[in-house]
Amino acid sequence: MKMTGAQIILDGFVKEGVEVIFGILGGAVLPLYDTLPQYPQLHHILVRHEQCAAHAADGYARATGKVGVCIATSGPGATNLVTGIANAHLDSSPLVAITGQVPRALIGTDGFQEADITGITLPITKHNYLARDAGSLAKIVKEAFYLARTGRPGPVLIDVPKDVFTEQVEYHYPTKIDLPSYRPTLQGHPAQVKKAARLISEAQKPVIIAGHGIIIAQAYAELKEFAEKAQIPVVTTLLGISCFPESHVLSYGMLGMHGMAYANLAVHASDLIIATGMRFDDRATGVVSTFAPNARIIHIDIDPVEIGKNVRVDVPIVGDVKAVLGQINKLITPTEHIEWVGQLDDWRRQHPVTDIRDSQVLLPQFVIRTIYEITRGDATIITGVGQNQMWAAQYYWYDKPNTLISSGGLGTMGFGLPASVGVKVGRPDSTVWCIDGDGSFQMTLQELATIQQERLAIKIAIMNNGYLGMVRQWQELFHGRRYVATPLSGPDFVKIAEAYGIPGLRVTHKDEVAPAIERAMAEEGAFLIDFAIEPEENVYPMVPSGASLAEMLFEPEKEEAVWPRRSTL
Ligand SMILES: Cc1ncc(C[n+]2csc(CCOP(=O)(O)OP(=O)(O)O)c2C)c(N)n1
Ligand SMILES: [Mg+2]
């Protein structure tokens, strides 16, 4: 059968199970869009900036486990995707991005809206292609989806010259993948697994550090079995949050720069770290030279490149974390670490870092805890970047799998709102809360239009401190309180929302918090709350850069705490 390049791409999408595409059109992709009505199974969502097409596709991918798809035109459309692609790359999110390119005859001439997007995205994609003819497209599309979703997932970009979209060729969608040099290892090497099991049985003070890989591999049950069988405390990375129920008796929260004190102390004192689907990011480890100084390290990761990259590892195991934990679970025998777990509980009592101090001012921690209480933990939380992100990680309790979606590796301000678009499209029946910063929100707030056009019931909570708060915190603590370029004015966010047809409220007092959140939940569609929070509130604990995890700064004047952490399961 003869088909055009555009038809080959869209037919491939359908065969790969795509249902939603996020994008913005332009000259170079016009033939692709012109063909879209022939494929009514594909729902196109028009975003207002290509960066947001990539973030929405990323949010969709994380929420569903499927590949997210985005489209941009050549030149500025393609370059606008770059931040979103880099974000997906650092957080191992599976994307397929299609960019239009100038017609083949114009490539290399600085043609109108020409940008070498395969060159630009080479270091931030898992792989990319320039489709030189329509005959190569079927194979490219098939491979792109395979590469995006298998092994360590990531973004794949396909750049398609305008005249390749319209070129007609004979079409067969390949049934097989032929990539001899790409064979992700799934099972762990048996000898390594055995070694790991031995170290686990010998350890006195073991800690599991669980990362995003657990969520990507959906290894929730295997992790729980492992932790329970060997009675090992579990701490998570930021992106690992919600891979293990936080109410579980063995859960000790997030580690790292703004991690729970007891999680950091546990890692620092540990004699064995079992790192599962995490990559020792510097925000998680503190300074690496003093990371877990007394521990041996077992590192399980599907990407061999991550092994030994940042910290020395005693037992590397390359494989799918679900498969490898299954292998380990078979070898280990039930153990107890009563003293060690007791020690962690003591640390938790000494440092009740998630208690909220009793204060009449509007504290962001109080707002987030109230969102938790009112949603009963049954929501997906998407965050901006900065203090708002850390408070959302610390003060909401994540018991349900994969319920926190945040920009970890790249730390992209502006991720929250567009990612929420993708999450809500992927999980239409879930309650979706975007907890954002006033600075982050202002980077992509135009997506309110997309939310309104698609009638997406996203609830938005802006932690409005009038600052680029996280940077202000660093200025306060490490730069003599010189607030250079961090005070941030903003529009009246409620009026902005209203202008987009979205109702909203401004909250300035503690007593208004719960009623406003109830009101947002009662609204059928989207709703925005602008919380005028305490402007100079800081995120604690904090491991200053260059310090080890055991060297934390704590909230200086914690008054009498209210609303203490709830009892464990
Ligand atoms: C795109 C981008 N630019 C700059 C930064 C650096 N940065 C990190 S946090 C932050 C402040 C964020 O301000 P806001 O969104 O208001 O959140 P807050 O910390 O106040 O909660 C900045 C500027 C970043 N992470 N991303
Ligand atoms: Mg702010």
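These legends describe close-up views of a predicted model.

**View 1. An open sheet of 6 strands, paired in parallel.** The strand order is β3-β2-β4-β5-β7-β6. The edges are held by β3 (43–46) and β6 (127–130). Each of these two has a single partner strand, so one side of each lacks a neighbour in the sheet. On average, neighbouring strands are turned by 20° against each other, direction ignored.

**View 2. The pairing of β5 with β7.** Strand β5 covers residues 95–101 and strand β7 covers residues 155–161. They run parallel, joined by 7 bridges. Within this pair, Ile98 stands opposite Ile158 in β7.

**View 3. Helix α7 packed on the sheet.** The helix spans residues 137–149. It touches four strands by name: β4 (68–72), β5, β6 and β7. The direction of α7 makes about 160° with that of β7.

**View 4. Asn329 in helix α14.** Helix α14 runs over residues 321–331. Is Asn329 buried or exposed? Its relative accessibility is 4%, and buried means under 20%, so Asn329 counts as buried. Leaving aside residues up to four places away in sequence, Asn329 touches Glu222, Glu225, Phe226 and Lys229.

**View 5. Confidence along the chain, and the stretch 564–569.** The chain averages a pLDDT of 96. A score of at least 70 is reached by 98% of the residues. Over residues 564–569, however, the pLDDT is below 50. How many contacts does this stretch have in the model, beyond near neighbours in sequence? The model gives residues 564–569 17 such contacts.

Key:
Residues are numbered from 1 along each chain as its sequence is written. Chains are lettered from A and ligands numbered from 1 in the order in which they are written. This is a predicted model: local features need pLDDT of at least 70, side-chain atom pairs count only at pLDDT 80 or more; totals for chains, interfaces and linings use all residues. Side-chain values use heavy atoms; hydrogens and water are left out. Two strands pair if DSSP finds at least two bridges between them. Axes are lines fitted to C-alpha atoms, for helices over the stretch in contact, and angles run from 0 to 180 degrees between N-to-C directions. Contact means heavy atoms within 4.5 Å. Buried means under 20% relative accessible area, exposed over 50%, partly exposed in between (1.4 Å probe, protein chains only). pLDDT is the predictor's confidence in each residue, from 0 to 100.
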